[in-house]
Amino acid sequence: MPNYVVLQVVLKEKLIGTGSGNLFELEKVINAQAAKGYRLHTITTSSSGSKGFLGGDRIQATMVFESLN
């Protein structure tokens, strides 16, 4: 079992309103790693805009999980 795991999740802006449309995906990734014996050590984000049709801003969350074992 590795001491650290690095994962990325892209959060997409809702088509209507404000906020992220897929925060559940971020929560799912964090809980899945916790179930494997990891804790969230560090999280960083970067954002970018999308120029495509119905495209919204994107936030890329990079997470480092540390083994508790």
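**Notebook: the helix and what covers it**

I began at the end of helix H1 and noted that it is followed by Gly37, whose phi is positive, near 95°. I keep in mind throughout that the model I am reading is a predicted one.

I then turned to the helix itself: H1 covers residues 23-35, which is 13 residues, and from its first C-alpha to its last it reaches 19 Å, close to the 18 Å expected at 1.5 Å a residue.

Which residues of H1 are buried? I listed Leu26, Val29 and Gln33, taking buried to mean under 20% relative accessible area. Looking down the axis of H1, I saw that these buried residues fall within an arc of 65°, so they line one face of the helix.

What covers the buried residues of H1? I found that the cover includes strand S1 (4-12), strand S2 (38-48) and strand S3 (58-67).

Last, I looked at the protein as a whole, where buried residues make up 23% of the 69 residues. Among the contacts between residues at least 6 apart in sequence, 62% join residues at least 24 apart. The protein exposes about 4,900 Å², and I noted that carbon and sulfur atoms supply 56% of that area.

Methods: Residues numbered from 1 in each chain as written. Predicted model: local features only at pLDDT ≥ 70, side-chain atom pairs only at ≥ 80, totals over all residues. Heavy atoms only, no water. Helix = DSSP H or I, 4+ residues; strand = E, 2+ residues; numbered from the N terminus. Expected span 1.5 Å × (residues − 1). Buried < 20%, exposed > 50% of the residue type's maximum accessible area, 1.4 Å probe, protein only. Arc of directions from axis to C-beta. Contact = heavy atoms within 4.5 Å. Areas by Shrake-Rupley, 256 points an atom, 1.4 Å probe, with all protein chains shown as cover.
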